[in-house]
Amino acid sequence: MEELFSEIKPALTQDEALAEANRCLSCFDAPCTRACPTHIDVPAFIKKIATGNLRGSAKTIFDANVLGASCARVCPTEVLCEGACVMHDLHARPIQIGQLQRHSTDWAMAHAMLPFTKGTRRRGKVAIIGAGPAGLACAAGLEQRGIDAVIFEAEKEGGLNTTGVADYKMTAGFSRREVAFLKQSGLTIKSGVRVGKDISLSDLERDFDAIFIGVGLGRVGKLGIAGDTLPGVVDAIDFIAALKQSHQTPVGKKVVVIGGGNTSIDAVTQALALGAEEVTLTYRRKLEEMPAYEHEVELAKKFGARFEFSLLPIRIIGEGKVQAIEFSRDDKVVRIDCDMVILATGQKPHLPFFESLPNVRIERGSVVVNEKMQTTNPKYFSGGDCVSGGKEVVNGVADGKLAAQSIAIWIEGKHG
Amino acid sequence: MADLSINFCGIRSPNPFWLASAPPTNTGDQVMRAFDAGWGGAVWKTLGDPIVNVSSRYASVDFGSVRMMGLNNIELITDRPLDVNLREIAEVKKRYPKQVVIASLMVESKREAWHQIVKQAEGAGADGLELNFGCPHGMSERGMGAAVGQVPEYACQITEWVKQVARTPVIVKLTPNITDITYPARAAKKGGADAVSLINTINSIMSIDLDSFSPRPDVAGHSAHGGYCGPAVKPIALNMLAQVAKDAQVAIPISGIGGISNWRDAVEFILLGASTVQVCTAVMHYGFRIVEDMVEGLSNYLDEKKIASVSELCGRALPRVSSWENLDLNYKIVAAVDEQKCIGCGLCYVACNDGAHQAIGARAKNGRTEVEILEDKCVGCNLCSLVCPVDGCISMKQIDAGRPPLTWKEYQRNPNAHTHLAHK
Ligand SMILES: Cc1cc2nc3c(=O)[nH]c(=O)nc-3n(C[C@H](O)[C@H](O)[C@H](O)COP(=O)(O)OP(=O)(O)OC[C@H]3O[C@@H](n4cnc5c(N)ncnc54)[C@H](O)[C@@H]3O)c2cc1C
Ligand SMILES: Cc1cc2nc3c(=O)[nH]c(=O)nc-3n(C[C@H](O)[C@H](O)[C@H](O)COP(=O)(O)O)c2cc1C
Ligand code: SF4
């Protein structure tokens, strides 16, 4: 079962990378580049692989996306760059852009290349709350422009890259290596510091010119039905975070996962990988309405997951621990026996924290920003999942990058 | 970071990458966009008396799924008015003083005509002149282009005329459509040229339409021979470059042209004696943007090799371009197959068995072809390693021939002492 944890796709060999790179047509104003939220110049970095200029290739990637190494592994390329590849129209396999990106960024990490260089110092100091993809990208963008950035992180450096993304895409160890790689270029992270508890917002306001909120989303939380506090009922985020730390994490024999998103799919595949005998994904609507990507659903089926649709949870049954769960479907009660229930009905926003933000408008649980990623309080900028309500790593990076640009301009204007 | 700047017979260029005189340098707008992308210089599309072009001008050779391995054209020199080109040259030089603009010139073989165009080009601010003695079609039928380049006396004469009035360096662009390229190169030198550039395009008929019987590019059912260029011509250009670079009677700087698509190609030209390189087809295929990888790739290569400046590379491979009679007849290599990598396609077997020296054994195993090199029969020709579709699967390994190096020259002097060669 351990192999279900190791990264599924092996890295391309040198020969494979060359052959694949030479297949690229080098489109102009390429659809893949447009499809990438960080707009990596894909044909350029691929052409550089073909000419053996790996250093230049990695530079092209990092110039657009400092988290190019993790994105190469975790991006849903099927719906982003590779989904846009013109090869589809030729009825040919799309270029394996993610794998090629991994080829170059792996080379860079193995050759101690720096992902970015700090710019000559300018006036300004920015506090970044959260060391997830959005916070890291924002800090890197500011440091590149010569502005000091200090990241405060309450839990794990790397955010969900370290605690959330399924291991078969990227291990926690790799995420930590990537953060270390970014630190070599000069990122400052204060770990174990929860803003609002260990340090106050007013302290940050006093010491910093601007503040970037990159806190992402919180836990899934309870369903609010009977029995949802029974032992054996776990939060998907906690479950995945725990198993990413240790593959000895306890798992039930018969597991029910509630929810139809990508997190739910990850919980399913990871529970199977840990050794669960039967894992059922239940969703309240129909298959076609599942927010999870089609390719992820297919993968979960390959892992051996069962799917049940139109099931609304009504109560969890058990004495001292979970024994079954009851749903309603078309006014009928459906019961599934199980010894573990994983709740994956969507991450909840950090509401109490949001309420403490001065004059920052929050709508439907998300921080409101303008096209410059600036909130309604001009000193506060934001990006990533806490703005989008939950997208991908690469969207967090794109937001952080854009916010860094806006913050630099804003600070420049303030200091005159 | 390595120094990529070049001093080419007095012309300073930020890097060795220039656009060749061709459609990418048709207009000031294009040249400025090219400079923005990072090109160090541009040789303007050849200036001269107004011409008229045909419609349908290019044809190409595709190889497998790769397009435009070779390109051919029947285009003439610029079809834009001279004064417009001159005005744009002046504008480009004003806005881009650090980048190089060379005016490519071709007029009828009259002294006054050449004197006039030289003065006009220099008046517009060109950093140097390139005399187009190479265009193989259309212009040559009118006694210009290759018609000059193919007769060393004419080439020398016109170069002399140009040098009488030129204040900037004069580069003579050579045609490959000649038996020995060193003759026009020497003539250019004799006429006073400061540098030569090579190659222009090669005479060619690209293909015939099997239904209409018209050659391509098709102009109303007919065509004419055109000039061939692109990746396919690189080996020809490299050979001619080495011939000129090694010729002690030429001994002037060279701008290398012909099939250069990326920094690796450029390094090869530089190693064989080119100081700058010029590119046309690769830009016509992919646009000006390719220069980014060229500059970066060259710079990273020099850094990795710990070479401080690109000019230190110039001509470094020339001493290794030898003649056959000086090669070591006792150097012996044989093919070696990596069984782990072999995919059992049998291509090496059939190539050696039918097309070389019957030195590969084959047998069916698990539905595939398993091969074995018969070392005593292998002559070390490389063919199997060339046809093998898997990189690094067939390598050529050196074996000790047990005899000291021996060249053909030495062998001829004393054949009896080396009778083993006769047995081979
Ligand atoms: C299970 C799961 C699987 C996923 N799989 C993929 C995938 O395969 N591919 C993909 O592209 N995306 C995936 N995602 C989505 C992706 O992880 C997120 O979109 C991305 O991490 C968002 O980045 P972020 O920086 O906005 O937030 P986060 O990554 O959530 O980082 C926020 C950080 O802020 C910290 N923080 C919060 N509050 C405070 C505070 N008050 N003080 C200090 N620090 C604080 C948190 O501890 C956290 O480290 C997945 C998400 C989940 C939940
Ligand atoms: C369409 C076309 C037009 C050209 N016109 C000229 C020209 O006007 N003057 C000239 O000196 N060479 C001309 N050339 C030749 C190129 O400058 C260059 O020498 C040749 O294409 C080889 O380089 P390449 O393999 O990089 O294309 C032309 C080439 C092409 C393809
Ligand atoms: S490239 Fe196509 S569109 Fe452009 S001039 Fe030539 S034939 Fe016309």
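Modeller: Two residues are in contact if their C-beta atoms, placed from the backbone, lie within 7 Å. Keep that in mind. This is a predicted model.

Colleague: Into which domains is chain A divided?

Modeller: Chain A has domain 1 (2-110), domain 2 (125-217 + 348-415) and domain 3 (233-343). Between domain 1 and domain 2 of chain A, the centres are 26 Å apart, taken over C-alpha atoms.

Colleague: How many residues of domain 1 of chain A are in contact with domain 2 of chain A?

Modeller: 18 residues of domain 1 of chain A do so, against 21 residues of domain 2 of chain A. On the domain 1 side, helix α5 (residues 68-74) of chain A gives the largest share, five residues. By class, that side has 13 nonpolar, three polar and two charged residues.

Colleague: And between the chains, which residue classes make up the side of chain B that touches chain A?

Modeller: Start with the count: 12 residues of chain B are in contact with 11 residues of chain A. α8 (263-271) and α10 (291-304) of chain B each supply at least two residues of the chain B side. The largest share, five residues, is from α10(B). By class, the chain B side has two nonpolar, five polar and five charged residues.

Colleague: Now a strand. Is β11 (residues 332-337) of chain A well covered or hardly covered?

Modeller: Hardly covered: of the six residues in β11(A), the count of buried ones is zero.

Colleague: How many bridges join β10 (residues 324-329) of chain A to β11(A)?

Modeller: Six, and the two strands run antiparallel. One pairing is A:Glu326 with its bridge partner A:Arg335 in β11(A). The hairpin has two residues between the strands, and A:Asp330 takes a positive phi near 50° there.

Definitions and conventions. Residues are numbered from 1 along each chain as its sequence is written. Chains are lettered from A and ligands numbered from 1 in the order in which they are written. This is a predicted model: local features need pLDDT of at least 70, side-chain atom pairs count only at pLDDT 80 or more; totals for chains, interfaces and linings use all residues. Helices (H or I, at least four residues) and strands (E, at least two) are DSSP runs, numbered from the N terminus. Ala, Val, Leu, Ile, Met, Phe, Trp, Tyr, Cys and Pro count as nonpolar, Asp, Glu, Lys and Arg as charged, and the others, Gly among them, as polar. A residue is buried if 20 or more other C-beta atoms lie within 10 Å of its own, exposed if 12 or fewer, and partly exposed in between; C-beta atoms are placed from the backbone. Two strands pair if DSSP finds at least two bridges between them. Domain bounds come from an automatic or database domain assignment.
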